[in-house]
Amino acid sequence: MLKGRGTLIMNVMDVFNSRKDRYISEGPGFYTVGDSQRVLRQINLTLKYRIRQSKQASEADVFGE
């Protein structure tokens, strides 16, 4: 991508929107049970662009080639 200098990354958190929390609070004279869902499904799209280095050169540096 972008003449070997770019990388596109997509990250999805909680794909099925199933992350839920249950809480129980109790004390003298009360008892409470509840559910909450703080974070909804989230999708991040990131574009990385190397200004002075091609993708092949940066991968070679990482792998010690």
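**View A. Met 10 in strand S1.** Met 10 belongs to strand S1, where a strand is a DSSP run of E with at least two residues, numbered from the N terminus. With a relative accessible area of 61%, Met 10 is exposed, a word used for over 50% relative accessible area, whereas buried means under 20% and partly exposed lies in between (1.4 Å probe, protein chains only). This is a predicted model, in which local features need pLDDT of at least 70 and side-chain atom pairs count only at pLDDT 80 or more, while totals for chains, interfaces and linings use all residues. Residues are numbered from 1 along each chain as its sequence is written, and side-chain values use heavy atoms, leaving out hydrogens and water.

**View B. A nonpolar surface patch.** Leu 8, Met 10, Ile 43, Leu 45 and Leu 47 make a nonpolar surface patch of about 570 Å². The elements that contribute two or more residues to this patch are strand S1 (6–13) and strand S4 (42–49), and S4 gives the most, with three residues. Patches consist of residues with over 30% relative accessible area and no salt bridge, nonpolar side chains (Val, Leu, Ile, Met, Phe, Trp, Tyr) being joined within 5 Å and like charges within 9 Å. Accessible areas come from the Shrake-Rupley method with a 1.4 Å probe, and for residues only the protein chains shown count as cover.

**View C. The salt bridge between Arg 22 and Asp 35.** The structure holds one salt bridge, defined as a side-chain nitrogen of Lys or Arg within 4 Å of a carboxyl oxygen of Asp or Glu. Arg 22 pairs here with Asp 35, and their closest N and O atoms are 3.0 Å apart. The pair links distant parts of the chain, 13 residues apart, with Arg 22 in strand S2 (residues 21–27) and Asp 35 in strand S3 (residues 30–36). Arg 22 is exposed at a relative accessible area of 60%, and Asp 35 also counts as exposed, at 54% relative accessibility.

Definitions and conventions:
Helix = DSSP H or I, 4+ residues; strand = E, 2+ residues; numbered from the N terminus.
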